[in-house]
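Biologist: Can you take me through this one? I would like to start with the overall picture and then ask about details.

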Amino acid sequence: MDTFKLDQLGWSHQFQQQLTEPYSVTQMPVRVIGVQRSGWLVAGETGETQVAPSIPGDNRPVTVGDWLLMDTSADRAVFRFERKSLFKRRAPGTDRSEQLIAANVDTLLIVSSCNQDFNEARIERYLAIAHEAEVMPVVVLTKADTVDDPHDFVVRAAKLAPGLLVEAVNALDRDSLSCLDAWLEPGQTIALLGSSGVGKTTLTNTLLGGSQLATQVIREDDAKGRHTTTSRHMYQLPDGAWVLDTPGMRELQLVDVRSGIDDVFAEISLLANDCRFADCTHETEPGCAVLSAIANDAIDADRVKRWRKLTREDALNRETVAERRARGKATGRLYKSILSDSHQKKGRS
Ligand SMILES: Nc1nc2c(ncn2[C@@H]2O[C@H](COP(=O)(O)OP(=O)(O)OP(=O)(O)O)[C@@H](O)[C@H]2O)c(=O)[nH]1
Ligand SMILES: [Mg+2]
Ligand SMILES: [Zn+2]
(Lines give C-alpha, C1' and ligand atoms only; values in the text may rest on other atoms or scores of the structure.)
(Ligands and ions follow the chains in the order given, each with its own letter.)
Protein backbone atom coordinates (compact mmCIF):
# COMPACT_ATOMS: atom_id res chain seq x y z
CA MET A 1 0.00 0.00 0.00
CA ASP A 2 1.14 3.50 -0.75
CA THR A 3 2.23 5.46 2.27
CA PHE A 4 2.33 9.25 2.14
CA LYS A 5 4.42 12.02 3.57
CA LEU A 6 2.07 14.64 4.99
CA ASP A 7 3.34 17.42 2.72
CA GLN A 8 2.59 15.23 -0.29
CA LEU A 9 -0.99 15.09 0.94
CA GLY A 10 -1.23 18.88 1.14
CA TRP A 11 -0.46 19.33 4.85
CA SER A 12 0.58 22.90 5.65
CA HIS A 13 1.19 25.34 8.49
CA GLN A 14 -2.51 26.30 8.49
CA PHE A 15 -3.29 22.84 9.81
CA GLN A 16 -0.14 22.41 11.86
CA GLN A 17 -0.84 25.53 13.91
CA GLN A 18 -4.25 24.22 14.93
CA LEU A 19 -2.55 21.62 17.08
CA THR A 20 -2.00 23.04 20.54
CA GLU A 21 0.19 20.20 21.72
CA PRO A 22 2.27 17.57 19.96
CA TYR A 23 0.05 14.71 18.93
CA SER A 24 0.59 11.49 20.81
CA VAL A 25 2.01 8.36 19.22
CA THR A 26 -1.50 7.05 18.65
CA GLN A 27 -2.66 10.22 16.88
CA MET A 28 -2.05 10.95 13.24
CA PRO A 29 -3.32 13.56 10.77
CA VAL A 30 -5.04 12.00 7.75
CA ARG A 31 -6.74 13.43 4.70
CA VAL A 32 -10.21 12.36 3.58
CA ILE A 33 -9.76 11.21 -0.01
CA GLY A 34 -13.15 9.57 -0.49
CA VAL A 35 -16.59 9.87 1.08
CA GLN A 36 -18.93 6.93 0.98
CA ARG A 37 -21.99 6.16 3.02
CA SER A 38 -20.17 3.29 4.71
CA GLY A 39 -17.24 5.40 5.81
CA TRP A 40 -14.50 7.86 5.01
CA LEU A 41 -11.51 6.74 3.03
CA VAL A 42 -8.50 8.48 4.54
CA ALA A 43 -4.82 8.65 3.58
CA GLY A 44 -1.92 9.28 5.91
CA GLU A 45 1.62 8.28 6.73
CA THR A 46 0.64 4.65 7.19
CA GLY A 47 -1.35 4.45 3.97
CA GLU A 48 -5.03 4.38 3.10
CA THR A 49 -7.69 3.12 5.42
CA GLN A 50 -11.43 3.37 5.92
CA VAL A 51 -12.81 4.89 9.13
CA ALA A 52 -16.28 5.17 10.60
CA PRO A 53 -17.96 8.34 9.27
CA SER A 54 -18.28 10.25 12.54
CA ILE A 55 -16.30 12.27 15.05
CA PRO A 56 -17.31 11.95 18.71
CA GLY A 57 -18.81 15.22 19.93
CA ASP A 58 -18.73 16.89 16.53
CA ASN A 59 -21.66 16.31 14.21
CA ARG A 60 -20.68 18.92 11.62
CA PRO A 61 -20.35 17.35 8.19
CA VAL A 62 -17.01 16.17 6.82
CA THR A 63 -16.26 16.27 3.13
CA VAL A 64 -13.66 15.04 0.71
CA GLY A 65 -10.39 16.95 1.09
CA ASP A 66 -10.85 17.49 4.84
CA TRP A 67 -8.00 16.92 7.28
CA LEU A 68 -8.77 14.84 10.36
CA LEU A 69 -6.81 13.81 13.39
CA MET A 70 -7.11 10.09 13.80
CA ASP A 71 -6.70 8.05 16.94
CA THR A 72 -5.02 4.95 15.59
CA SER A 73 -5.51 2.98 18.80
CA ALA A 74 -9.29 3.32 18.52
CA ASP A 75 -9.24 3.46 14.73
CA ARG A 76 -11.43 6.55 14.60
CA ALA A 77 -11.33 10.23 13.79
CA VAL A 78 -11.24 12.52 16.83
CA PHE A 79 -10.89 16.02 15.36
CA ARG A 80 -11.51 17.87 12.12
CA PHE A 81 -9.08 20.63 11.23
CA GLU A 82 -10.42 24.05 10.26
CA ARG A 83 -10.41 24.33 6.50
CA LYS A 84 -8.27 26.38 4.20
CA SER A 85 -11.12 26.51 1.67
CA LEU A 86 -14.60 25.06 1.28
CA PHE A 87 -17.08 24.66 -1.58
CA LYS A 88 -20.72 24.16 -0.71
CA ARG A 89 -24.15 24.49 -2.25
CA ARG A 90 -27.79 24.42 -1.27
CA ALA A 91 -28.92 20.83 -1.73
CA PRO A 92 -31.53 20.30 -4.43
CA GLY A 93 -34.92 18.99 -3.31
CA THR A 94 -37.11 19.96 -0.42
CA ASP A 95 -34.87 19.85 2.64
CA ARG A 96 -32.60 22.52 1.11
CA SER A 97 -29.85 21.82 3.59
CA GLU A 98 -26.31 22.93 2.91
CA GLN A 99 -24.27 20.35 1.09
CA LEU A 100 -20.49 20.35 1.22
CA ILE A 101 -18.73 19.67 -2.07
CA ALA A 102 -15.03 19.71 -1.24
CA ALA A 103 -12.56 21.18 1.23
CA ASN A 104 -8.96 22.38 1.18
CA VAL A 105 -8.79 22.75 -2.57
CA ASP A 106 -6.02 24.94 -4.04
CA THR A 107 -7.29 25.32 -7.60
CA LEU A 108 -10.78 24.86 -9.00
CA LEU A 109 -11.06 23.66 -12.56
CA ILE A 110 -14.48 24.73 -13.82
CA VAL A 111 -15.08 22.24 -16.58
CA SER A 112 -17.38 23.06 -19.46
CA SER A 113 -17.17 22.03 -23.08
CA CYS A 114 -16.94 23.67 -26.47
CA ASN A 115 -20.46 22.66 -27.45
CA GLN A 116 -24.06 23.01 -26.31
CA ASP A 117 -23.02 22.58 -22.67
CA PHE A 118 -21.21 25.91 -22.77
CA ASN A 119 -23.26 28.25 -20.65
CA GLU A 120 -22.12 31.58 -19.27
CA ALA A 121 -24.60 31.63 -16.39
CA ARG A 122 -23.47 28.22 -15.20
CA ILE A 123 -19.79 29.14 -15.31
CA GLU A 124 -20.53 32.31 -13.32
CA ARG A 125 -22.10 30.19 -10.59
CA TYR A 126 -18.97 28.12 -10.21
CA LEU A 127 -16.88 31.28 -10.32
CA ALA A 128 -18.88 32.76 -7.43
CA ILE A 129 -18.16 29.65 -5.38
CA ALA A 130 -14.44 29.81 -6.18
CA HIS A 131 -14.16 33.53 -5.39
CA GLU A 132 -16.05 33.10 -2.14
CA ALA A 133 -13.73 30.28 -1.09
CA GLU A 134 -10.72 32.33 -2.24
CA VAL A 135 -9.64 29.49 -4.48
CA MET A 136 -8.04 30.17 -7.86
CA PRO A 137 -10.49 29.25 -10.63
CA VAL A 138 -9.43 28.12 -14.09
CA VAL A 139 -12.08 27.52 -16.74
CA VAL A 140 -11.27 24.40 -18.74
CA LEU A 141 -13.19 24.03 -21.98
CA THR A 142 -13.04 20.41 -23.09
CA LYS A 143 -13.81 18.89 -26.48
CA ALA A 144 -11.79 21.58 -28.26
CA ASP A 145 -10.93 18.78 -30.73
CA THR A 146 -14.58 18.57 -31.80
CA VAL A 147 -14.90 22.15 -33.07
CA ASP A 148 -13.14 23.99 -35.89
CA ASP A 149 -12.02 26.80 -33.67
CA PRO A 150 -12.50 26.96 -29.89
CA HIS A 151 -11.40 30.60 -29.83
CA ASP A 152 -14.93 32.06 -29.62
CA PHE A 153 -15.72 29.96 -26.55
CA VAL A 154 -12.48 31.03 -24.90
CA VAL A 155 -13.20 34.70 -25.51
CA ARG A 156 -16.75 34.39 -24.17
CA ALA A 157 -15.57 32.60 -21.04
CA ALA A 158 -12.72 35.02 -20.36
CA LYS A 159 -15.25 37.85 -20.03
CA LEU A 160 -16.96 36.20 -17.07
CA ALA A 161 -14.65 37.47 -14.32
CA PRO A 162 -11.78 39.93 -14.08
CA GLY A 163 -8.47 38.30 -15.01
CA LEU A 164 -10.03 34.90 -15.55
CA LEU A 165 -7.83 32.14 -17.00
CA VAL A 166 -9.43 29.97 -19.66
CA GLU A 167 -7.92 26.93 -21.39
CA ALA A 168 -9.38 24.96 -24.29
CA VAL A 169 -8.28 21.31 -24.24
CA ASN A 170 -8.86 17.83 -25.52
CA ALA A 171 -9.33 15.91 -22.28
CA LEU A 172 -8.23 12.71 -23.98
CA ASP A 173 -4.82 14.10 -24.93
CA ARG A 174 -2.17 14.57 -22.20
CA ASP A 175 -0.18 17.05 -24.30
CA SER A 176 -3.14 19.38 -24.60
CA LEU A 177 -3.43 19.34 -20.78
CA SER A 178 0.11 20.66 -20.27
CA CYS A 179 -1.45 24.13 -19.83
CA LEU A 180 -2.62 22.84 -16.44
CA ASP A 181 0.82 21.74 -15.23
CA ALA A 182 1.34 24.96 -13.25
CA TRP A 183 -1.45 23.86 -10.87
CA LEU A 184 -0.15 20.35 -10.48
CA GLU A 185 2.80 20.81 -8.16
CA PRO A 186 3.28 18.04 -5.55
CA GLY A 187 0.86 18.40 -2.63
CA GLN A 188 -1.48 20.71 -4.58
CA THR A 189 -5.16 19.81 -4.78
CA ILE A 190 -7.23 20.63 -7.82
CA ALA A 191 -10.96 19.95 -7.93
CA LEU A 192 -13.04 19.46 -11.05
CA LEU A 193 -16.59 20.78 -11.07
CA GLY A 194 -19.01 20.91 -13.98
CA SER A 195 -22.07 19.34 -15.54
CA SER A 196 -22.40 15.66 -16.30
CA GLY A 197 -20.66 14.55 -19.49
CA VAL A 198 -18.28 17.48 -19.89
CA GLY A 199 -15.21 15.30 -19.36
CA LYS A 200 -14.15 15.58 -15.70
CA THR A 201 -13.38 11.89 -15.32
CA THR A 202 -11.81 11.72 -18.77
CA LEU A 203 -9.50 14.57 -17.80
CA THR A 204 -8.70 12.90 -14.47
CA ASN A 205 -7.87 9.64 -16.20
CA THR A 206 -5.67 11.32 -18.77
CA LEU A 207 -3.74 13.09 -16.00
CA LEU A 208 -3.46 9.81 -14.11
CA GLY A 209 -1.98 8.23 -17.20
CA GLY A 210 -4.03 5.50 -18.79
CA SER A 211 -3.30 2.35 -16.88
CA GLN A 212 -4.82 3.36 -13.56
CA LEU A 213 -8.20 4.34 -14.87
CA ALA A 214 -9.92 0.97 -14.84
CA THR A 215 -9.21 0.28 -11.18
CA GLN A 216 -9.05 3.73 -9.66
CA VAL A 217 -12.09 5.45 -10.97
CA ILE A 218 -15.43 4.50 -9.50
CA ARG A 219 -17.99 4.50 -12.28
CA GLU A 220 -21.43 3.23 -12.87
CA ASP A 221 -23.35 2.79 -16.09
CA ASP A 222 -26.27 5.13 -16.22
CA ALA A 223 -29.49 4.40 -18.10
CA LYS A 224 -28.00 5.56 -21.40
CA GLY A 225 -25.08 3.19 -21.04
CA ARG A 226 -22.89 6.18 -20.31
CA HIS A 227 -20.32 6.10 -17.53
CA THR A 228 -21.15 8.63 -14.93
CA THR A 229 -19.33 9.38 -11.71
CA THR A 230 -21.34 8.72 -8.56
CA SER A 231 -18.96 9.58 -5.74
CA ARG A 232 -16.32 12.15 -4.94
CA HIS A 233 -12.79 10.91 -4.80
CA MET A 234 -9.28 12.35 -4.82
CA TYR A 235 -6.59 10.71 -6.90
CA GLN A 236 -2.86 11.22 -6.66
CA LEU A 237 -1.18 12.00 -9.96
CA PRO A 238 2.24 10.61 -10.88
CA ASP A 239 3.79 14.05 -10.22
CA GLY A 240 2.32 14.25 -6.72
CA ALA A 241 -0.66 16.59 -7.13
CA TRP A 242 -4.17 15.49 -6.16
CA VAL A 243 -7.17 15.61 -8.45
CA LEU A 244 -10.66 15.57 -6.99
CA ASP A 245 -13.24 14.21 -9.44
CA THR A 246 -16.89 14.88 -8.65
CA PRO A 247 -20.26 13.76 -10.05
CA GLY A 248 -21.79 16.20 -12.52
CA MET A 249 -24.21 18.59 -10.85
CA ARG A 250 -27.57 19.22 -12.41
CA GLU A 251 -28.27 22.13 -10.15
CA LEU A 252 -25.88 24.42 -8.39
CA GLN A 253 -27.83 26.58 -5.97
CA LEU A 254 -25.62 29.18 -4.38
CA VAL A 255 -25.50 29.84 -0.67
CA ASP A 256 -23.48 32.42 1.28
CA VAL A 257 -21.51 33.66 -1.69
CA ARG A 258 -22.44 37.33 -1.69
CA SER A 259 -18.86 38.58 -1.75
CA GLY A 260 -17.93 35.90 -4.30
CA ILE A 261 -20.69 37.21 -6.58
CA ASP A 262 -19.50 40.78 -6.09
CA ASP A 263 -15.97 39.75 -7.11
CA VAL A 264 -17.06 37.86 -10.21
CA PHE A 265 -19.31 40.73 -11.30
CA ALA A 266 -16.90 43.40 -10.12
CA GLU A 267 -17.64 45.80 -13.00
CA ILE A 268 -21.31 45.84 -11.96
CA SER A 269 -21.07 45.59 -8.17
CA LEU A 270 -18.62 48.52 -8.05
CA LEU A 271 -20.98 50.64 -10.15
CA ALA A 272 -23.85 49.75 -7.84
CA ASN A 273 -22.08 51.66 -5.05
CA ASP A 274 -22.87 54.84 -7.00
CA CYS A 275 -26.62 54.28 -7.16
CA ARG A 276 -28.60 57.01 -5.44
CA PHE A 277 -30.43 54.61 -3.13
CA ALA A 278 -28.48 52.18 -0.97
CA ASP A 279 -31.17 49.51 -1.49
CA CYS A 280 -31.44 50.12 -5.25
CA THR A 281 -32.73 47.05 -7.09
CA HIS A 282 -31.35 48.42 -10.38
CA GLU A 283 -34.66 47.89 -12.12
CA THR A 284 -36.50 51.22 -12.25
CA GLU A 285 -34.98 53.52 -9.66
CA PRO A 286 -33.94 57.05 -10.58
CA GLY A 287 -30.23 57.72 -10.16
CA CYS A 288 -29.35 54.06 -10.77
CA ALA A 289 -25.72 53.86 -11.91
CA VAL A 290 -26.19 50.33 -13.25
CA LEU A 291 -29.16 51.27 -15.45
CA SER A 292 -27.36 54.28 -16.84
CA ALA A 293 -24.27 52.17 -17.61
CA ILE A 294 -26.51 49.74 -19.52
CA ALA A 295 -28.05 52.67 -21.41
CA ASN A 296 -24.55 53.85 -22.35
CA ASP A 297 -23.50 50.35 -23.44
CA ALA A 298 -20.78 50.46 -20.80
CA ILE A 299 -21.83 47.10 -19.35
CA ASP A 300 -23.56 44.03 -20.70
CA ALA A 301 -27.32 44.01 -19.95
CA ASP A 302 -27.49 40.20 -20.00
CA ARG A 303 -24.74 39.98 -17.46
CA VAL A 304 -26.59 42.44 -15.23
CA LYS A 305 -29.65 40.19 -15.43
CA ARG A 306 -27.57 37.16 -14.40
CA TRP A 307 -25.97 39.15 -11.59
CA ARG A 308 -29.37 40.20 -10.23
CA LYS A 309 -30.63 36.64 -10.38
CA LEU A 310 -27.65 35.21 -8.50
CA THR A 311 -27.72 37.95 -5.87
CA ARG A 312 -31.40 37.28 -5.19
CA GLU A 313 -30.90 33.55 -5.14
CA ASP A 314 -28.05 33.86 -2.68
CA ALA A 315 -30.14 36.04 -0.37
CA LEU A 316 -33.05 33.58 -0.48
CA ASN A 317 -30.84 30.57 0.09
CA ARG A 318 -29.16 32.20 3.03
CA GLU A 319 -32.43 32.26 4.93
CA THR A 320 -32.63 29.52 7.46
CA VAL A 321 -35.48 27.07 7.26
CA ALA A 322 -37.07 28.81 10.25
CA GLU A 323 -36.89 32.19 8.55
CA ARG A 324 -38.38 30.68 5.43
CA ARG A 325 -41.28 29.24 7.39
CA ALA A 326 -41.84 32.53 9.18
CA ARG A 327 -41.83 34.38 5.88
CA GLY A 328 -44.17 31.77 4.39
CA LYS A 329 -46.61 32.36 7.24
CA ALA A 330 -46.28 36.12 6.97
CA THR A 331 -46.88 35.92 3.22
CA GLY A 332 -49.87 33.68 3.89
CA ARG A 333 -51.29 36.23 6.32
CA LEU A 334 -50.64 39.00 3.82
CA TYR A 335 -52.46 37.12 1.06
CA LYS A 336 -55.38 36.43 3.39
CA SER A 337 -55.65 40.07 4.39
CA ILE A 338 -55.44 41.18 0.75
CA LEU A 339 -58.12 38.65 -0.19
CA SER A 340 -60.45 39.60 2.64
CA ASP A 341 -59.82 43.25 1.87
CA SER A 342 -60.80 42.77 -1.77
CA HIS A 343 -63.87 40.72 -0.74
CA GLN A 344 -64.93 43.54 1.52
CA LYS A 345 -64.40 46.06 -1.24
CA LYS A 346 -66.41 43.92 -3.64
CA GLY A 347 -69.08 43.57 -0.98
CA ARG A 348 -69.30 47.34 -0.70
CA SER A 349 -69.49 48.05 -4.41
N1 LIG B 1 -13.54 14.24 -28.21
C2 LIG B 1 -13.53 14.47 -26.92
N3 LIG B 1 -14.33 13.74 -26.12
C4 LIG B 1 -14.32 13.99 -24.79
C5 LIG B 1 -13.51 15.02 -24.23
N6 LIG B 1 -13.74 15.06 -22.90
C7 LIG B 1 -14.65 14.08 -22.64
N8 LIG B 1 -15.00 13.43 -23.76
C9 LIG B 1 -16.01 12.34 -23.87
O10 LIG B 1 -17.19 12.77 -23.22
C11 LIG B 1 -17.84 11.70 -22.56
C12 LIG B 1 -18.15 12.05 -21.12
O13 LIG B 1 -16.96 12.22 -20.42
P14 LIG B 1 -16.82 11.97 -18.84
O15 LIG B 1 -15.38 12.17 -18.52
O16 LIG B 1 -17.43 10.70 -18.41
O17 LIG B 1 -17.69 13.17 -18.25
P18 LIG B 1 -17.88 13.57 -16.72
O19 LIG B 1 -17.76 15.05 -16.65
O20 LIG B 1 -16.98 12.79 -15.84
O21 LIG B 1 -19.40 13.18 -16.45
P22 LIG B 1 -20.11 12.77 -15.04
O23 LIG B 1 -19.26 11.78 -14.36
O24 LIG B 1 -21.44 12.25 -15.42
O25 LIG B 1 -20.22 14.06 -14.27
C26 LIG B 1 -16.91 10.50 -22.72
O27 LIG B 1 -17.40 9.71 -23.78
C28 LIG B 1 -15.58 11.10 -23.09
O29 LIG B 1 -14.79 10.26 -23.88
C30 LIG B 1 -12.69 15.79 -25.13
O31 LIG B 1 -11.97 16.73 -24.75
N32 LIG B 1 -12.74 15.47 -26.45
MG1 LIG C 1 -17.29 11.62 -14.25
ZN1 LIG D 1 -29.05 50.79 -9.09
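Modeller: What follows goes from the whole chain to a few helices, one serine and the ligand. Keep in mind that this is a predicted model.

Biologist: How many helices and strands are there in the protein chain?

Modeller: The protein chain has ten helices and 15 strands. Of its 349 residues, 34% are buried.

Biologist: And the contacts, what share comes from residues 24 or more positions apart?

Modeller: Counting contacts with a separation of 6 or more, 64% are between residues 24 or more positions apart.

Biologist: Helix 9 next. Which of its residues are buried?

Modeller: Val304, Trp307, Leu310, Thr311 and Asp314 are buried in helix 9. Looking down the helix axis, these buried residues fall within an arc of 130°, so they line one face.

Biologist: Why would residues spaced like that point the same way?

Modeller: An α-helix has 3.6 residues a turn, so residues three or four places apart point the same way.

Biologist: What is on the other side of helix 9?

Modeller: Ala301, Asp302, Lys305, Lys309 and Arg312 are there, and they are exposed.

Biologist: What do the buried residues of helix 9 pack against?

Modeller: They pack against helix 2, helix 6, helix 7 and helix 8.

Biologist: Then helix 2. Is it mostly covered or mostly open?

Modeller: Mostly covered, since eleven of the 14 residues in helix 2 are buried. Among them are Ile123, Arg125, Tyr126 and His131.

Biologist: What span should helix 2 have?

Modeller: At 1.5 Å a residue, helix 2 (residues 120–133) should span 20 Å, and its end C-alpha atoms are 20 Å apart, so the two agree. Just after helix 2, glutamate 134 has a positive phi of about 55°.

Biologist: Changing topic: where does serine 113 lie?

Modeller: Serine 113 is in strand 8, which covers residues 107–113. Serine 113 counts as buried because 24 other C-beta atoms lie within 10 Å, and the cut-off is 20 or more.

Biologist: Which residues does serine 113 touch?

Modeller: Leaving out residues up to four places away in sequence, serine 113 touches Phe118, Leu141, Thr142, Lys143, Val198 and Gly199. The C-alpha atoms of serine 113 and glycine 197 are separated by 9.0 Å, with the two residues 84 apart along the chain.

Biologist: Last one. What surrounds ligand 1?

Modeller: There are 19 residues around ligand 1, and the closest are Gly199, Thr201, Thr202, Thr229 and Gly248. The shell has four nonpolar, twelve polar and three charged residues. Helix 4 and strand 13 each supply at least two residues of that shell.

Note on methods:
Residues numbered from 1 in each chain as written. Chains lettered and ligands numbered in written order. Predicted model: local features only at pLDDT ≥ 70, side-chain atom pairs only at ≥ 80, totals over all residues. Near = placed C-beta within 6 Å. Helix = DSSP H or I, 4+ residues; strand = E, 2+ residues; numbered from the N terminus. Nonpolar A, V, L, I, M, F, W, Y, C, P; charged D, E, K, R; others polar. Expected span 1.5 Å × (residues − 1). Buried ≥ 20, exposed ≤ 12 C-beta atoms within 10 Å, placed from the backbone. Arc of directions from axis to C-beta. Contact = placed C-beta atoms within 7 Å.
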